[in-house]
Amino acid sequence: MARKFSGLLVGAGLLIVLGILVFKLFEPVFVWNLGWRALPEGPYPVSSEATPGAQDLGEAADAWLASARAALDAPSLSAAVSVDGVTMWAGAAGYADLDKRLEATPETAFRIGSTSKAVTSVAMGTLIDKGAVDLDAPVAHYLPGLAAPLATVTTRQAMSHTAGVRNYGACLCFPVWEHLNRKHYDGAQVETLRGFASSPLLFEPGTGFAYTSLGYNAAGAVIEAASDAPFADYLEKTLFEPLGMARSFAETGADIPNQAAFYEVERGRYKQAFRVDNSNKLPSGGLVSTPSDLMALGGQMIAPTLFGAATRDLLMTPQQLADGSDNPQGYALGWRYNPEAEYAGGMKTSRLSHHGTAQGSTSYFAVLPEKRMVVSVMMNKGATGVEALGAEAEKLTLLFASQGGDEEAAGTQ
């Protein structure tokens, strides 16, 4: 009898352990239906500031802001527009923290997701400009000991998604999906590469295009090696401080002032976004910023001060494949370039852009060189992609388009 009872206890223990293991592996699925609450009823608060002489535009932008936030069902929406290096207007509507009813302001910081790639691109430009990085050298030149085949790809291929590196997938981790990482990385960026460095490439480097945040992370590791500085420190000293981007940070685990809370929203209900650790993707998707801060970053692609015009032109030039054909996204080195972006009303202009999604946050970021304009829009709502946010952001762009000059595109000056 005692032996039978002991066997039952062992069996029950194994079932409990198995249950915990399955729950942890698939935790996002199990908790998705928990914790939903109704969004607060309006009106939602609005905070904004327009540059002197642009009050009428500012009022129109305020009206757009309130309407766009409601259309997107976003807890908060923040945006800014600059022309000729001057921030014409910046505003925020809604709540940075719904539970605390903390109002969003233009100083509220959001996760910018893959817009981080554009920031990393500008950081890489500072090293290219002084000859510290050879784009066509294998990354192993900067990262000795990195496993093949990742070690064999070049920085140019990594930054243009032509290396053949896979994107996020499943893993033997908790939870089972790599993009929902909860492991914290304190060390060098190269450590974040080791989990996939030996994964087979999707194609011979340079012969195809496959968008991959994992592959782009190699650029951040090269920045660290070439600069002999931690990635976050290099951004702070080389970009954020010189450009006055005081509300931009890497999600290294330290407290970030004025950071929004992050949510998923469905059918008028909200819940906290699934908790993740973005230290595994700082160069490709782990940065936090504000639309106002990104005005200065975008300005580097119009009238650069951190590097020369030749480097700026290099960063914004779409990379061709080995057979001389264009890559399908017009992808340059951390930017998508569209020479004839179309807007409502028939406006066509060149556009550099990189948008992003993160857990509980979405960002839109565009530079219009011919209009000498930068537009950034962010919200603390995830899961729905950037299409709806982009459609609203284009309405804001049209409001200010008449303020942009029609000078030659920055890339051809």
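A nonpolar core here is a set of buried Ala, Val, Leu, Ile, Met, Phe, Trp, Tyr and Cys residues joined through side-chain atoms within 4.5 Å, where buried means under 20% relative accessible area, exposed over 50% and partly exposed in between (1.4 Å probe, protein chains only). The model is predicted, with local features needing pLDDT of at least 70 and side-chain atom pairs counting only at pLDDT 80 or more, while totals for chains, interfaces and linings use all residues. Residues are numbered from 1 along each chain as its sequence is written, and side-chain values use heavy atoms, leaving out hydrogens and water.

**View 1. The largest nonpolar core and Leu 193.** This core has 69 residues, and those with the most contacts inside it are Val 119, Leu 143, Leu 146, Leu 193, Leu 297 and Trp 335. At least two of its residues come from each of β4 (86-97), α4 (116-129), α5 (155-160), α6 (213-227), α7 (231-243), α9 (291-299), β14 (361-368) and β15 (373-379). Helices (H or I, at least four residues) and strands (E, at least two) are DSSP runs, numbered from the N terminus. Zoom in on Leu 193: setting aside neighbours within four places in sequence, Leu 193 is in contact with Leu 143, Leu 146, Leu 150, Leu 214, Asn 217, Ala 218 and Ala 221. Contact means heavy atoms within 4.5 Å.

**View 2. Helix α3 and its buried face.** The 18 residues of α3 (residues 55-72) should span 26 Å at 1.5 Å a residue, which agrees with the 25 Å between its end C-alpha atoms; the expected span is 1.5 Å times one less than the number of residues. Buried in this helix are Leu 57, Gly 58, Ala 61, Trp 64, Leu 65, Ala 68, Arg 69 and Leu 72. Down the axis of α3, these fall within an arc of 125°, so they line one face of the helix; the arc is that of the directions from the helix axis to the C-beta atoms. Asp 56, Glu 59 and Ala 71 are exposed on the other side. The cover over the buried residues includes β2 (46-50), β3 (76-83), β4, β15 and α11 (387-400). Just after the helix, Asp 73 takes a positive phi of about 55°.

**View 3. Asn 380 in its loop.** Asn 380 sits in the loop between β15 and α11 and is buried, with a relative accessible area of 0%. A polar atom of its side chain lies 3.4 Å from the backbone oxygen of Ala 96. Beyond four places in sequence, the contacts of Asn 380 include Pro 75, Tyr 95, Phe 110, Phe 262 and Ser 361.

**View 4. The β1-β9-β8 sheet.** This open sheet of 3 strands pairs antiparallel, and two strands pair if DSSP finds at least two bridges between them. Its edge strands, β1 (37-38) and β8 (263-266), each pair on one side only. β8 is joined to β9 (residues 269-272) by 4 bridges, with Tyr 263 opposite Gln 272 and Val 265 opposite Tyr 270. The β8 and β9 hairpin has 2 residues between its strands, and Arg 267 takes a positive phi near 50° there.

**View 5. The β6-β10-β7 sheet.** Here 3 strands form an open antiparallel sheet, with β6 (110-111) and β7 (249-250) as the edge strands. β7 and β10 (residues 287-289) are joined by 2 bridges, and Phe 249 has Val 288 as its bridge partner.

Conventions:
Polar contact = N/O pair within 3.5 Å; in protein donor to acceptor, adjacent residues only side chain to side chain.
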